[in-house]
Each structure stands twice: as C-alpha cells, then as structure tokens.
Amino acid sequence: MANKSGLDNLLKSVLSVGNAEQNFAYPPSVFSNHVNIVTSFILDNLTFLYPKYADALLPFIGKEMIAVTDGYVKLPPNDYRNLIGASIQVKNGKDCNDPVIIDTASEFKTAKLKAGCKSVPVVMVSKAEWDYRTTSTYAFPTYENPIGIFDSEKRIKVCPYDIARVELMYVKKEKIYQYGYIRQPDDTYIYDDATSVESEWEEPAFELLFKGIFALYSAWSRDNSILEYSMILNKAGLF
C-alpha cells in the first residue's frame, strides 16, 4: 500500500491544487529541498509541542536506556536530534538500578522486588537554576526530583550524581530526502524509486507536510491564486 506521506504522493497532491503538470516548471530538486526544509521545521516544532501530534512524530521517536558515568549521560551518537524527555526508575526514594541484595539468584524474585519501580522525569533546567539547586541545603535534587542540564551537544549532566541509568526519549535525525525521477520525452517526469531517498513520514503527518510544502511551493511559484490558497490553509493549523 502506498504511503500517503511518500514523496511522489506529496508532489502530486501539491501540484493538483495548482492544477499544474508534473514537469520542470517545478523541478524535482526544488521539491526535494522544500520537503527537507519542511521536515526540519516540523521536527523542531513537534518536539516542542510533544505529546501533541505524537502520532505524526512516531517514526522519528527513539528510546534508549543509558548508563550514567561520573554524573554524565552521553547522547546517542548516531541518530540523536532533539530531546523529548528523560526519566529514571525509582522505588522508595532509591534508584531502581541499584543492585538488589537477595538471598537467592531467582530472576523471578528479583523482578518482583523491582515491580514497584516508578518512572520519574528528569527536569531539564537552566544554568542558573542548576547552580542554585546543586548548592542549596534544602532544594538539592533527589531521586524523586532529579534535574539535568545540557553540558554540551553530546552529553547531559544529571543530579543526583549517583543516578545509575537514565532513559532518554528523543527525536531521531531525519534522512536527506531526494526525489529521484525519470525524464519523459514530453518534458514531464515520473518517480524513480531506485534513485530516491524516500520520506520516513507516515500517513498521520500528511496534512502538516502538505501545508508546509504547499506554502513553500506557492511562494516559489509566485502565482497569486496559489498563494491565496496557501494563506487559507495556513489559518487552519501549524503552518
């Protein structure tokens, strides 16, 4: 079944509103650039708006449990883009990842002992609040109220410093999409799957993608009738 948010369907949908042919009046390279610009814009905004539009963002959501080393959490090196949130597992005011001391090696019993764990969010704070909280005698972070701060582009500092592991929920990097095509004798073109880098978006994102790409297309084409329709669409949502 064709993906509604696939490149070819997005292009056809945009051109259909302007009653335009699929030819080099709207070059595939320009369309590809528009898709990539809109994708970046949407990912940044949906990260900020999460969990609103969570179904649209789903193909890009990653989760990873990461060990804390000397109070630092290294961000996933290969696919990390934006942070949605971080959390730790806590039971009775203690880190659930602490070693469980029991008198048997039974995995079942260990699982039962850990069953009472709850997820506690790590609240990301500013440098000023971090400095205040980590030196305060009464507002110092605890396992029930942990905090974090971006130390660099590649890691997060957390407090309490002896937290064992942090679960990160994040937005993964997108691909650089490319509309591959085969040129036809009449100067039109058709989609070529073999030379394309296809969209990772799925159907729930179609409306957001369509409105964003159509807005760029209308500005690029300088067609007043298309621009007016784009303005009508913009009043209805994210774009």
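Glutamate 207 and lysine 211 sit four residues apart in helix α6 (residues 206–221), so about one helical turn separates them. Helices (H or I, at least four residues) and strands (E, at least two) are DSSP runs, numbered from the N terminus. This is a predicted model, in which local features need pLDDT of at least 70 and side-chain atom pairs count only at pLDDT 80 or more, while totals for chains, interfaces and linings use all residues. Residues are numbered from 1 along each chain as its sequence is written, and side-chain values use heavy atoms, with hydrogens and water left out.

By this rule there are nine salt bridges. Another one joins glutamate 129 and arginine 133, at 3.7 Å from N to O. These two are also four residues apart, this time in helix α5 (residues 127–133), so about one helical turn lies between them. Glutamate 129 is partly exposed at 35%, whereas arginine 133 is buried at 14%. Arginine 81 pairs with glutamate 174, and their closest N and O atoms are 2.8 Å apart. Arginine 81 belongs to strand β3 (residues 80–91) and glutamate 174 to the loop between β9 and β10, so this pair ties together parts 93 residues apart in sequence. Arginine 81 is buried, at 18% relative accessible area. Asp44 joins Arg81 and Glu174 in a network of salt bridges.

On to the chain as a whole. It has seven helices and eleven strands, and 39% of its 239 residues are buried. Take the contacts (heavy atoms within 4.5 Å) with a separation of 6 or more: 70% of them come from residues 24 or more positions apart.

Four of the strands form an open, mixed sheet in the order β2-β8-β7-β6. At its edges are β2 (72–74) and β6 (123–124), each pairing on one side only; strands pair if DSSP finds at least two bridges between them. Strand β2 runs antiparallel to β8 (residues 155–159), with three bridges, and valine 73 stands opposite isoleucine 156 in β8.

Serine 5 comes in the segment before α1 (7–17) and counts as buried, at 0% relative accessibility. Its side chain reaches the backbone oxygen of glutamate 202 at 2.8 Å, and a polar atom of that side chain lies 3.3 Å from the backbone nitrogen of phenylalanine 206. Beyond residues up to four places away in sequence, serine 5 touches several others, including Leu10, Trp201 and Leu209.

Most residues other than glycine have a negative phi, and most peptide bonds are trans. The bond from tyrosine 50 to proline 51 is cis, with omega near 15°, and so is the one from cysteine 159 to proline 160, with omega near 10°. Aspartate 70 has a positive phi of about 55°; this residue is in the loop between β1 (61–67) and β2 and is exposed at 72%. Aspartate 187 also has a positive phi, near 75°, but is partly exposed at 33%.

Technical notes
Buried means under 20% relative accessible area, exposed over 50%, partly exposed in between (1.4 Å probe, protein chains only). A polar contact is a pair of N or O atoms within 3.5 Å; within protein, one must be able to donate a hydrogen and the other to accept it, and residues adjacent in sequence count only if both atoms are side-chain atoms. A salt bridge is a side-chain nitrogen of Lys or Arg within 4 Å of a carboxyl oxygen of Asp or Glu.
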